[in-house]
Amino acid sequence: MSAHPCLLCGACCATFRVSFYRGEAIPGPGAVPEAFVVPVSPFLVAMRGTETPPPRCEQLLGRIGEEVHCAHYDLRPSPCREFAASWEDGTPNPRCDDARARHGLPPLSARDWELPPTTRKAG
């Protein structure tokens, strides 16, 4: 395998509403740009495209299950930074498995992570 498994997937970005504290979108260094979010409550915003069914983050580019990347990976919100793909940290993630299943993809396994560390790049 030549790419990080997430660069071949993207299912989580097209399955879940990505909501987070609106303070992460207050203009400043490293903030999620306000143009990328929509309000969902007085204290929460969601990544545009994930707030209504069927969800698909507008920042997700490419084809689910083939080749994808986040257009603004360095400015992604905390739920995206904290979401671990199954077996990425050595443990399964049922939410990752569920997202992949909804898009007709098999769950990841520990074998999917048998890459030299220098070739891993999430996106």
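Visitor: Which residues are buried in helix α2?

Guide: In this predicted model, the buried residues of α2, which spans residues 94–102, are Cys96, Ala99 and Arg100.

Visitor: How do you know that they lie on the same side of α2?

Guide: Around the axis they cover an arc of only 95°, so they share one side of α2. The face turned away from that buried side carries the exposed residues Pro94, Ala101 and Arg102.

Visitor: What caps the N-terminal end of α2?

Guide: Asparagine 93 does, with a side-chain oxygen 2.9 Å from the backbone nitrogen of arginine 95. Just after α2, glycine 104 has a positive phi of about 75°.

Visitor: Why is histidine 4 called buried?

Guide: Buried means under 20% relative accessible area. Histidine 4 has 3%, and therefore counts as buried. Histidine 4 sits in the segment before β1, and a polar atom of its side chain lies 3.0 Å from the backbone nitrogen of cysteine 6.

Visitor: What is the order of the three strands in the open sheet?

Guide: The order is β1-β3-β2, with antiparallel pairing.

Visitor: Why do β1 and β2 stand at the edges?

Guide: Each has a single partner strand, so one side of each is left without a neighbour in the sheet. On average, neighbouring strands of this sheet are turned by 40° against each other, direction ignored.

Visitor: What makes β1 and β3 a pair?

Guide: Two strands pair if there are at least two bridges between them. In β3, alanine 46 is the bridge partner of serine 19.

Note on methods:
Residues numbered from 1 in each chain as written. Predicted model: local features only at pLDDT ≥ 70, side-chain atom pairs only at ≥ 80, totals over all residues. Heavy atoms only, no water. Helix = DSSP H or I, 4+ residues; strand = E, 2+ residues; numbered from the N terminus. Buried < 20%, exposed > 50% of the residue type's maximum accessible area, 1.4 Å probe, protein only. Polar contact = N/O pair within 3.5 Å; in protein donor to acceptor, adjacent residues only side chain to side chain. Arc of directions from axis to C-beta. Axes fitted to C-alpha atoms, helices over the stretch in contact; angles between N-to-C directions.
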